[in-house]
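Hi,

Here is the structure I promised to pass along.

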Amino acid sequence: MSLYATLEEAIEAAREELLADNPDADGGDAVVEQFNMQKYVMQDGDIMWQAEFLREDGSDGECLPVCSGDAAQAIFDGEFDEIELRSEWLEENTLHEWDEGEFQLEPPGDTEEGAAAADEWEDDNSESERF
């Protein structure tokens, strides 16, 4: 699992990985059918991203499916707005690091950092419910 500090870096790495795994696909004519991504909150509070492109729609990947077909191809071709992609992410799908390399949907509350992250996470969610 490779994590990146920005979604743009994660998408670029996913593009390069798909091309490396499919040497028959030239960068200009590679066809993808599905784009998946995942947001992670690390124990130190850093936000990290993972992304992947799949050549078949409905394929299982490591990340959550975000779009398919022409929309996935547009992202692969670099025709996307990172801010828009991030704003469409559902926070309840964010994974929080509990132990090194172990992630769950809720932040840990048994440490000072975890309790602070949990409070912040709850504040963020309660604010979004008001709008």
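Let me start with Phe35, which counts as buried because its relative accessibility is 0% (buried means under 20% relative accessible area, exposed over 50% and partly exposed in between, with a 1.4 Å probe and protein chains only). Phe53, at 6% relative accessibility, counts as buried too.

Before going on, please note that this is a predicted model, in which local features need pLDDT of at least 70 and side-chain atom pairs count only at pLDDT 80 or more, while totals for chains, interfaces and linings use all residues. Residues are numbered from 1 along each chain as its sequence is written, and side-chain values use heavy atoms, with hydrogens and water left out.

How many aromatic pairs are there? The count comes to four, where rings of Phe, Tyr and Trp (its six-membered ring) pair if their centres lie within 6.5 Å, and planes under 30 degrees apart are stacked, over 60 edge-to-face and the rest tilted. One of them is the tilted pair of Phe35 and Phe53, with 5.1 Å from centre to centre and 40° between the planes. Phe35 is in strand β1 (residues 34-41) and Phe53 in strand β2 (residues 47-54), so this pair ties together parts 18 residues apart in sequence. Helices (H or I, at least four residues) and strands (E, at least two) are DSSP runs numbered from the N terminus.

Ring pairs also join Phe35, Phe53 and Phe76 into a cluster. Over the ring of Phe76 sits the charged end of Arg15, 5.8 Å from the ring centre; the rule asks for NZ of Lys or CZ of Arg within 6 Å of the centre and within 35 degrees of the ring normal.

Phe35 and Phe53 turn up again in the largest nonpolar core, which has 19 residues; along with Ile11 and Ile75, they have the most contacts inside it. Such a core is a set of buried Ala, Val, Leu, Ile, Met, Phe, Trp, Tyr and Cys residues joined through side-chain atoms within 4.5 Å. At least two residues of this core come from each of α1, β1, β2 and α2 (70-76), and α1 gives the most, with five.

Both Trp49 and Trp89 are buried. Their ring centres are 6.2 Å apart and their planes at 80°, so the pair is edge-to-face.

Happy browsing!
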